[in-house]
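Load the model and keep the sequence beside it. Then follow the chain with the text below.

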Amino acid sequence: MSVLSWVRLTVCLWLLRKAVKVVKWLLIFAVAVAAWPVTVVACAGYAAALLCGWPSVRLRRAAAGALPMTAVWVLLEARRQHQWRAFALAPVRDWQGSWGQPTGPGMARTFLLLAPLAVPAGLVLAAGLWAWWNYAVTSGIRGWLASAPVTFDARQWRRQVRTAKGRIAAPGAVPLMASGGRIPAGGTIRSIGHRWRPVFAVPYPACTRHMVVVGATGSGKTNLMMRLWAGWFTAAADAAAAGRGRPPLLIVLDCKGGGDARVKAGRTWRLLHGAGARRVAIWPDEARLSLWDLPPADLAVLLFQMIESGDGAAAYYADIMQAVLTLAVTAPCGPPARAADFLARLDSRWLASAWDDGLHPGEVQRIRGAARHLPDIQLRFATLLGRLGQALDGPGNLRDADAWYFILGAPRGAVHSCGDGRAPPPGRRSGLVKLEAA
Ligand SMILES: Nc1ncnc2c1ncn2[C@@H]1O[C@H](COP(=O)(O)OP(=O)(O)OP(=O)(O)O)[C@@H](O)[C@H]1O
Ligand SMILES: [Mg+2]
C-alpha cells in the first residue's frame with residue numbers, strides 16, 4: 001500500500017467516524033424534538049438538579065410522586081376509549097395535535113394533555129442524565145480541565161448548602177420530633193454512603209450508641225446536641241409511657257466549662273422541661289450528688305480512678321493506693337458516709353482498729369505494710385475532695401432527677417434547689433450519657 005492510499009484510507013475512516021457521530025446527534029435531536037413534552041420536562045428537571053445541587057434520586061422520587069397522576073389518566077382514558085387500540089393511540093393523537101397547530105396555546109394544551117406521561121418519563125430521563133453526568137465529571141471522563149472534578153464538586157457543594165439553608169429556613173421544615181421516633185437534625189447538604197433525605201433525622205435508639213459530632217468552631221455542634229438530648233428524652237419518655245422501655249435518664253457532662261457554660265445549662269434546662277422532664281438538675285450549682293451511696297467495691301474503684309497514679313515505676317504506688325482504698329471503703333463497719341469520714345479512714349490506726357477483729361489477719365498485715373504511705377494518700381485525697389467541694393458529698397442521687405447537667409471544670413456555685421421540687425418516682429431507667437466537650 002502506497003503512502004497516498006494509506007492517507008486516503010485514514011481520512012475516509014475519520015470522516016466515517018465523524019459522520020456516524022453527526023448522524024447519532026441528529027437522531028437524538030430529532031427524537032428530542034419529536035418527543036418535545038418529555039424533553040421539556042427532562043430539561044427542567046436537569047436544570048433544577050444542577051442549580052439546586054439535588055442528587056439524582058431526588059428526581060427519581062419526583063417521578064414516582066407524579067405516578068398517581070399517570071394512574072388517574074390511565075383510568076380516565078380507559079373509561080373513555082372502549083378499544084385497546086384507541087386507548088394505546090390516545091397519546092399519539094394528542095401529540096399529533098401540536099404539529100397541526102404549532103401555536104403557543106395549542107402547544108400548551110398538548111403539553112397539559114400529555115403531562116401525565118411526559119412528567120414521570122421526563123423526570124426519569126433527567127435523573128439518568130444527571131447521574132451519568134455526575135459520574136462522568138467526578139471520574140474524569142468529561143470536563144475540559146484536569147481540575148474539572150474539583151471545581152464541579154465545589155460548585156455543587158455551594159448549591160447544596162444554599163438549598164439546605166433554604167429548607168431549614170422554611171417554617172416547620174425541621175421540627176423537634178418527626179414520626180416514628182426520629183429526631184430531625186437539619187437539612188441534608190450531601191449524603192455519602194447513605195440514603196438521601198431532604199432533612200437528616202436520627203432514629204432515637206441510635207442516640208444510645210456512641211456518636212460523635214464533628215464541626216468547626218461555631219458551626220452549631222452544641223445546638224445540635226441540645227436538639228438530640230431533647231428529642232431523645234421526648235421519644236424515650238413516650239416509649240416508656242406506652243409500656244416500651246424504662247423512663248429516661250439523661251446525663252450531660254459539659255467538660256468544656258467556660259463563661260457560657262451556665263447559659264447553655266439554662267437553655268438545656270428550659271428545653272428539657274419543655275420536653276416533659278419534671279426535674280432537671282444542674283450540678284454543681286443547683287444540685288448535689290452523693291458519691292458515698294455507691295456499692296463499696298465500685299466506690300473503691302471510682303476513688304482510685306479519680307486520682308492520676310501513673311504507670312512504669314509509679315505503678316507500685318498505684319497498687320498500694322488501690323489496696324489502701326479498698327481497705328478503707330470495704331471495712332467491716334461499712335462504707336464511709338461522707339468525705340470527712342473517708343479521709344479519717346486513711347490513717348493506719350483507724351484501719352488497724354477497724355480490721356483487727358481477729359478474723360482478718362491478712363488485711364491487718366497489709367495495713368502495716370502500707371502504713372508509711374498513708375499520710376501521702378490522705379494528702380492527695382484531701383486535696384482532690386477539697387477541690388470538688390461538697391458537690392459530690394450529697395445528699396443526692398441520680399434517681400432524684402430526670403436529667404442531670406454536669407458543669408465540669410467550672411467554679412463552684414451556690415447550692416440550692418431547682419425545678420418544681422417534685423422528685424420523679426424511683427426505679428430503673430434507660431440512661432443516656434452525653435459528653436459535651438466542644
Ligand atoms: N441550626 C442552626 N440554625 C441557625 N443558627 C444556628 C444553628 N445552630 C447553631 N446556630 C448558631 O450558631 C452559633 C454557634 O452555635 P453553637 O454554639 O452550637 O456552635 P458550636 O459548634 O458548639 O461552637 P463552639 O465550637 O464554639 O463550641 C450560635 O449563635 C447559634 O445560635
Ligand atoms: Mg459548642
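Predicted model: local features only at pLDDT ≥ 70, side-chain atom pairs only at ≥ 80, totals over all residues.

Residues are numbered from 1 along each chain as its sequence is written, while chains are lettered from A and ligands numbered from 1 in the order in which they are written.

Start with the domains, whose bounds come from an automatic or database domain assignment. Domain 1 covers 35-138, domain 2 covers 212-289 + 396-436, and domain 3 covers 291-388. The centres of domain 1 and domain 3, taken over C-alpha atoms, lie 79 Å apart.

Now find strand β5, residues 403-407. Helices (H or I, at least four residues) and strands (E, at least two) are DSSP runs, numbered from the N terminus. A residue is buried if 20 or more other C-beta atoms lie within 10 Å of its own, exposed if 12 or fewer, and partly exposed in between, with C-beta atoms placed from the backbone. Why is β5 largely enclosed by the rest of the structure? Five of its five residues are buried. Ala-403, Tyr-405 and Ile-407 point one way from β5, and Trp-404 and Phe-406 point the other way.

Which strands pair with β5? Pairing requires that DSSP finds at least two bridges between two strands. Strand β4 (residues 280-283) runs parallel to β5, joined by four bridges. Strand β3 (residues 248-254) also pairs with β5 in the parallel sense, over five bridges. Tyr-405 has Val-252 opposite it, and Ile-282 stands opposite Tyr-405 as well. Trp-283 has Phe-406 as its bridge partner.

Strand β4 has buried residues pointing both ways: Val-280 and Ile-282 one way, Ala-281 and Trp-283 the other. Pro-284 sits in the loop between β4 and α9 (296-305).

A nonpolar core is a set of buried Ala, Val, Leu, Ile, Met, Phe, Trp, Tyr and Cys residues joined through C-beta atoms within 7 Å. The largest one has 50 residues, and those with the most contacts inside it include Phe-233, Val-280, Ala-403 and Tyr-405. Helix α7 gives the largest share of this core, seven residues. Domain 2 and domain 3 each supply at least three residues. A second, separate core has 19 residues, among them Ala-63 and Val-124.

Look at Ala-403 itself. Not counting residues up to four places away in sequence, Ala-403 touches Phe-233, Leu-250, Leu-272, Ala-277 and Val-280. Contact means that two C-beta atoms, placed from the backbone, lie within 7 Å.

Helix α7 (residues 221-241) also gives the largest share of the shell around ligand 1, three residues. A residue is near the ligand if its C-beta atom, placed from the backbone, lies within 6 Å of it. Of the 10 residues in that shell, Thr-217, Gly-220, Lys-221, Thr-222 and Asn-223 come nearest.

Ala-240 also lies in α7. Is Ala-240 buried or partly exposed? Ala-240 is partly exposed, because 15 other C-beta atoms lie within 10 Å.

Finish at Asp-400, in the loop between α14 (374-388) and β5. Asp-400 counts as partly exposed, because it has 18 C-beta neighbours inside 10 Å.
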